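Please work through each task before reading its solution.

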Amino acid sequence: MTYIAKPKFHHPALKKNALGFTHRDYEGKISTLCAGCGHDSITASIIEACYELSIEPHRVAKISGFNSVHGRMPSVLTGANLANRDLIYLGVSGDGDSASIGFGQFAHSIRRGVNMTYIVENNGVYGLTKGQFSATADRGSRSKKGVLNTDNAIDLVAIALQLGATYVARSFSGDKTQLVPLIAGAIQHKGAAFIDVISPCVAFNNHAGSTKSFDYVREHNDAVNRLDVITGRDPITVDYAPGTVQVVEQHDGTKLALRKIDADYDAHDRVGAMAFLAKHAAKGQIVTGLLYVDPESEDLHSHLNTVDAPLNSLEAEDLCPGSATLDKINASLR
C-alpha cells in the first residue's frame with residue numbers, strides 16, 4: 001500500500017524559497033516554553049536558515065535530548081550520521097546537559113569531527129527544575145532568589161576550540177541578524193560546527209545580577225564581525241579597505257552594504273581565537289560572531305573512510321563481499 005502524505009494548506013500569499021517551500025513547511029508543533037523564551041527565538045533562526053538555504057525539510061535531522069536519554073544526544077547523532085551521511089544533522093542541546101551530564105558526550109563528538117551543527121541554548125540555569133545554576137553560570141552571578149554562585153563557569157566555546165571544532169561561533173538569541181547566517185554557515189560546513197547561543201531564561205535568569213540576562217548581554221556584547229551567507233552561485237568578490245563600506249549587488253539583484261570591522265581579528269587562527277576569548281572574558285565581555293573556521297576541514301567519514309551511500313541502501317553483496325575478501329582482511333591483521 002502506498003501512503004501519500006496530505007499536503008499542508010498554506011495561504012497562497014506566503015513567500016516561497018527556491019524549492020517552493022514556505023516558512024511553515026519547516027515549523028513543528030506549537031512551543032510549550034514560557035512566552036518570550038530565547039529558545040523559541042533560536043528555533044525561529046534555525047527555521048529561517050533552512051528556509052533561506054532552500055533545504056528540503058525531510059533532509060534535516062534535528063536531534064535533542066528528548067530523542068534519547070538526557071545528555072546523550074551527541075551519541076545518537078553520531079550513530080545516525082554514520083548510518084546515513086545524506087541527511088543534515090542539527091544537534092540542539094542545553095547548557096544543563098552539554099556542560100554537565102552530557103559533557104563527555106559533547107567533548108567526544110567534537111573531537112571526532114562529526115559532521116553536524118551543534119547548537120547549545122545557553123541560559124546558565126536549570127530552567128525546568130526551578131532555576132538552579134548550571135555549569136555555565138558565571139562565578140559571582142546571583143540567582144533569582146539572591147544566591148551567589150561560587151563555582152567557576154565552563155566556557156563551551158573555549159572547550160570546542162581546544163577539542164578541534166572546525167567552525168566555532170557564539171551568538172545571542174535576541175540577535176537574529178547575526179544568528180541566522182551563523183547557523184546557515186554551520187549547516188554548510190563540513191565537520192564539527194559548534195554554536196553557543198546565550199538564551200536568557202525569562203522565568204529564572206533574566207534579573208539584575210544575572211550575567212545571562214537580556215540587559216546584561218546587550219550591554220556587554222562585543223561582536224567580532226558582521227556575517228552573511230551566499231550559496232550555490234558563482235562567487236562574488238570584492239576588495240575594499242578595513243573600516244570602509246562596500247555596496248555589493250547580490251545574485252537576486254538586491255544590494256548588500258558590507259562594513260569591514262575588526263580588521264585585526266583572524267577567524268582562521270584557532271590559538272588567536274582562544275586568546276581573544278580569554279582577553280574579553282577577563283573584562284566581563286561576551287564575544288559574539290564567527291570566532292573560528294577551518295576552510296579545509298574534514299569530518300568523521302573522512303577519518304573512517306566510510307562508504308558514500310546510506311547503510312540502508314546497500315545490497316547484500318555490498319554488506320557480505322564473500323569469503324575471499326574476508327580472508328584478505330584477516331590476513332592483514334596478522
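**Exercise 1.** In which sense do strand β6 and strand β11 pair, and over how many bridges?

*Solution.* This is a predicted model, in which local features need pLDDT of at least 70, side-chain atom pairs count only at pLDDT 80 or more, and totals for chains, interfaces and linings use all residues. Residues are numbered from 1 along each chain as its sequence is written, and side-chain values use heavy atoms, without hydrogens and water. Strands are DSSP runs of E with at least two residues, and helices are runs of H or I with at least four, numbered from the N terminus; two strands pair if DSSP finds at least two bridges between them. Strand β6 (residues 167-172) and strand β11 (residues 286-293) pair in the antiparallel sense over four bridges. Within β11, V293 is the bridge partner of Y167.

**Exercise 2.** Determine which strands helix α5 touches.

*Solution.* Contact means heavy atoms within 4.5 Å. Helix α5 (residues 156-163) packs on the sheet and touches β3 (116-122), β6, β7 (192-198) and β11. The direction of α5 makes about 170° with that of β6, where axes are lines fitted to C-alpha atoms, for helices over the stretch in contact, and angles run from 0 to 180 degrees between N-to-C directions. Helix α8 (residues 270-281) also packs on the sheet, touching β6, β8 and β11; its direction makes about 175° with that of β11.

**Exercise 3.** Is L333 buried or exposed?

*Solution.* First locate the residue: L333 lies in the segment after α11 (323-332). Buried means under 20% relative accessible area, exposed over 50%, and partly exposed in between (1.4 Å probe, protein chains only). L333 counts as exposed because its relative accessibility is 67%.
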